[in-house]
Each structure stands twice: as C-alpha cells, then as structure tokens.
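Let's walk through how to read a few local features of a protein model. Have a look at it first, then we'll talk.

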Amino acid sequence: MTGKYILNHYYLLRHDEKRSFIMSRGDGFNQKPIPVNTGWVSKVHPAYAMMLSFFSEPISLSEASANIATFFKLPKEKIMSFILSLLSAKEPTYTTLDGSNSGFPINLIIEADKEFTPRNKYSPEEFKFKELDFKTTRMILAPTSIVFMPNNNCITDCVYCYADTKTKTQQMKFDQIEAFVKEANKLRVRDIMITGGDFFMYKHWEDLLKLLVREGYTPDLISTKVPISKDLINRFQPFKIRLQISVDSLSSEITQKVLNVNSQYAQNMRQALININKSSIRFQIATVLTSVNDSIENLEEIAEFIKDLDRLERWEIRVAFSSLYSRTNFQSIKSNKEQISNIEDWIKVKQGVFHTKILWSPDDDVKYKKSSGGSANFEGPICSANMSNIVILPNGEVTICEQLYWNKNFLIGNVCESSIKEIWNSAKAIGLWKREQTSINPHSPCRNCSDFSACFQASNRCYANIMKAYGITNFDYPDPRCIQAPNFTYSITHEDE
C-alpha cells in the first residue's frame with residue numbers, strides 16, 4: 001500500500017462538543033462509484049475524529065500513521081493497525097474507547113484516485129473535548145440538518161392542502177439567505193433541504209440552487225406542482241437534482257375539483273411530463289388520494305399516460321391525511337377504508353406488470369392508541385424536530401417542524417437576528433425539549449404521566465398530529481399513537497363516522 005489515501009468526503013466529520021459524529025451526505029451525491037453506507041450516522045469518540053482528520057488531503061498510510069502517532073504519543077504500529085482495519089472492512093465496524101462505542105462505515109478511508117466528492121478541511125484541534133457525553137440524544141452544538149422554505153406560494157389550492165399559504169410575510173433578502181447557508185457550512189451542518197410553497201414560484205430559485213451547490217448542499221429532491229415549461233426544464237437540468245412532480249389526476253374535471261386550477265392545467269401537466277421525460281432530469285411522480293380522485297379509473301388514466309415515460313423512476317401513491325391548513329373539512333374528502341383496500345389490491349397487481357416502481361403509502365390509522373412507555377416506543381420514523389433539525393421559514397423565523405409554520409408555540413428564533421448556534425441553544429428550544437411537567441395543560445393525561453420526562457426528552461411526539469386530533473390549543477396532549485391518548489376531538493382517521 002504505497003499509494004496515497006484520503007478520507008472519503010462522502011462522509012462528514014462533525015464535532016458536537018462532547019462527542020463527534022460520522023454522517024453520510026444527503027443523497028444529492030447520487031453518483032456513488034464505490035460502495036458507501038447511505039443514511040449513515042454514528043457517534044464516535046473525538047479521538048477517532050482527530051485521527052481521521054489527518055486524511056483530509058491525500059497522504060500515504062505510512063506518513064499519516066507517523067503523524068497520528070506523534071500527535072497522540074502512541075506507537076506507529078498501533079495506529080497503522082487501526083487504519084488497516086478500516087481499509088479492509090467489508091461491513092461497518094465498531095470499537096470501544098473510554099467506555100463509549102464508536103461506529104465506522106465502509107470505505108471511510110479510500111485510495112485517493114477513487115475520490116468522488118468535494119473535500120472538507122479538518123484539523124485534529126477541531127475535535128478537542130473536555131468531557132464525553134454519548135447519552136444525550138439531542139445535538140449539543142447545532143442541528144445536523146436544516147429545512148429551508150424559500151416561499152409559501154403555490155400554483156394550486158389543493159382540497160387536502162398541507163401548507164400554510166395564508167400567512168403572508170416578507171421574504172428574506174438573498175444576502176441573509178447566503179449568510180445562514182455559509183454559517184451552516186462552518187457548523188458542519190449535514191444537509192439543507194428545500195420545501196415550500198412551490199419551489200419554482202420563488203423568483204430566485206436558480207441563484208439559491210447555485211448557492212447551495214457552491215456550499216456543498218446539493219438538494220436530493222425538489223418537488224413541484226407547476227407544469228414547468230421547456231425553458232424552465234433547460235434551466236433546471238444542469239443542477240442534476242431529482243424532480244418530483246405532483247400528479248393527482250390527469251383529468252381536467254378532477255384537477256379542477258382537487259387542485260382548484262383552470263381547465264388547461266391537466267393538459268399542460270401532460271405536456272410538461274413529456275418534455276421532462278425528453279430531458280436528462282431524473283424524475284418521479286407523486287399522487288395524493290382523496291374521495292374526489294381515489295377511483296381506480298383515475299389511477300388507470302394516470303398509469304396509461306405515464307407508461308410511455310421511459311425515464312420515470314418511480315410513482316408514489318399516498319392516501320391524504322388530515323391537515324392543519326386545508327379549508328376543506330377532512331371528513332368530507334377523506335378516502336374510506338373500503339376504497340383504500342380496493343386501491344391496495346389494484347396496486348399489488350399493477351406492481352407486478354408496471355415498467356417503473358410503484359410505492360404505496362396507505363393511512364396510519366393502525367398506529368393510533370397502541371404504544372406505551374413514552375415516545376421512544378412510537379411506531380414510525382424517529383422525529384428529528386428540535387433534536388437534530390430546524391426549519392427556516394421565508395421570513396427567517398425558525399420553527400421545529402415544517403408542518404408547524406408560524407405557530408408561536410414552536411418558533412425558536414430568527415436567522416436574520418441570531419446565529420443558528422444561538423437559536424439551537426435558545427431558552428425556547430431547550431424548553432420545548434426539557435418541558436416542565438407542571439406547565440402541561442391540567443386536562444392533558446401527560447400532566448400526571450409517569451413516563452413524562454423520558455417521553456418528552458425522546459422528543460418523538462408529533463405536535464402536528466396532536467393538534468389535528470385535539471385542536472391547536474391542546475398541543476401538549478398525548479400523541480395519537482400513545483395508549484393514553486383520549487378520544488380524538490377531530491377526525492384524523494379514515495374510518496367511517
């Protein structure tokens with residue numbers, strides 16, 4: 001092994017004051033010429049991050065081992081043995097130091113000529129620490145990911161709308177956006193993701209993408225309901241970002257009812273899909289089903305059209321869920337259990353013969369009122385709100401979840417006034433995480449629950465779903481998945497009522 005080696009910069013090293021992390025990048029790096037562990041996040045002893053920092057630039061194993069040995073005052077042979085173990089690993093490896101477990105993904109150190117991502121410059125001093133903390137689940141220094149909402153404007157007015165499009169605020173100036181993106185880079189924030197509003201209704205969308213790419217934050221996915229023009233396709237194409245197009249129907253009659261658009265929308269969307277398919281853009285479509293568009297006939301019409309889109313990567317079909325922002329009562333537009341079952345049967349048949357992958361996301365009703373022992377035991381993905389993620393709204397205000405928008409109970413700061421680090425460690429942010437039980441609504445079962453501390457600090461409660469079930473003012477009621485959850489005040493299931 002006489003050549004030069006380098007840290008695989010697909011993985012990001014991040015110091016968090018009392019521990020360090022190894023994290024894979026967002027999947028904007030979609031071209032991966034060597035095997036990697038996508039979605040990787042592991043805590044490591046800061047000493048290991050210090051060692052890995054010596055591989056920021058191409059270097060021989062012998063020189064790196066000598067430098068690390070000098071830094072730690074350890075035998076060179078011991079360092080070389082550890083590095084070789086990482087190089088030869090075909091599976092993730094784990095080790096223990098100072099009583100703390102550290103995890104290492106595959107291909108963490110690679111031959112320099114296999115490098116495929118931009119580099120980060122690290123130094124061992126960056127990972128210095130005074131004490132260790134491998135138990136705290138919330139990030140200590142700053143979030144590891146940010147969701148940015150450039151605007152909250154839409155071209156449609158969907159009956160199931162999940163967005164707060166009614167709140168009108170002044171958008172941040174572009175230099176203010178640039179400032180927080182650059183700060184995020186300095187803090188080693190892993191991802192900046194884009195949500196909306198419709199992205200292509202933000203007039204500076206090209207400049208924003210250029211800024212993100214320049215700072216190492218190529219988004220994995222941009223979602224739109226705009227029937228984009230050939231000109232817009234040509235401008236978006238060079239960014240090599242996946243595009244998700246919302247296609248709830250291709251019938252003019254149905255789109256007018258579901259999306260409140262004009263009679264030409266469906267035909268314009270058909271043409272846009274044809275034009276996207278002729279481009280080099282990677283794309284997928286998503287369909288949200290309500291009682292207005294959940295017929296098999298509607299799905300067949302979509303399927304018949306998209307079967308000729310040979311570059312379509314996948315079709316995701318979802319059942320609409322209750323929203324905090326729709327002007328339409330959920331009870332009047334929700335699909336019923338029988339039709340959801342019929343759709344599921346249709347999808348199973350279609351999946352066996354369709355040219356592209358079909359993903360199915362039915363309702364969540366089976367999860368409700370089942371879990372005991374606190375939010376760490378709730379079914380479903382672990383919530384990152386205020387644990388590792390923040391959401392920056394168009395005017396710079398920061399909330400903990402993209403479904404909560406400008407709800408004042410969850411606003412924790414403003415990036416136009418404070419740094420990301422200050423906001424993350426603000427009294428409001430910490431207070432939401434370490435909520436005092438005595439501050440809970442006396443009518444909430446959480447007020448006297450013995451699992452309170454563990455439940456709230458695991459922070460896996462979905463505030464949006466709580467408010468959908470019990471109303472905006474009862475955000476400190478139990479999560480609907482909790483066995484202690486009272487009967488729902490408002491309909492959030494697809495059961496007939």
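**Reading the model, feature by feature**

A: Cysteine 154 comes out as partly exposed, because its relative accessibility is 32%. Buried means under 20% relative accessible area, exposed over 50%, and partly exposed in between (1.4 Å probe, protein chains only). Before we go on: this is a predicted model, where local features need pLDDT of at least 70, side-chain atom pairs count only at pLDDT 80 or more, and totals for chains, interfaces and linings use all residues. Residues are numbered from 1 along each chain as its sequence is written, and side-chain values use heavy atoms, with hydrogens and water left out.

Q: How many disulfides are there by the distance rule?

A: A disulfide is a pair of cysteine sulfur atoms within 2.5 Å. By that rule the count is zero. Take cysteine 154 again: its closest cysteine sulfur, in cysteine 161, is 5.9 Å away, so that is too far for a bond. Cysteine 449 is in no disulfide either, with the nearest cysteine sulfur, that of cysteine 482, at 6.3 Å.

Q: Is serine 102 buried or exposed, and what is it in contact with?

A: Serine 102 is buried, at 0% relative accessibility. It's found in strand E7 (residues 100-104); helices (H or I, at least four residues) and strands (E, at least two) are DSSP runs, numbered from the N terminus. Contact means heavy atoms within 4.5 Å. Leaving aside neighbours within four places in sequence, serine 102 is in contact with residues including Lys43, His45 and Tyr94. A polar atom of the serine 102 side chain lies 2.9 Å from the backbone nitrogen of histidine 45.

Q: Which residues other than glycine have a positive phi?

A: Among them is asparagine 107, with phi of about 50 degrees. Asparagine 107 sits in the loop between E7 and strand E8 (109-111) and is partly exposed at 22%. Another one is lysine 240, with phi near 55 degrees. Lysine 240 lies in the loop between helix H6 (230-236) and strand E12 (242-246) and is exposed, with a relative accessible area of 67%.

Q: Which peptide bond is cis?

A: The one from glycine 196 to glycine 197, with omega near 15 degrees. Glycine 197 is found in the loop between E10 and helix H5 (205-214).

Terms used. Polar contact = N/O pair within 3.5 Å; in protein donor to acceptor, adjacent residues only side chain to side chain.
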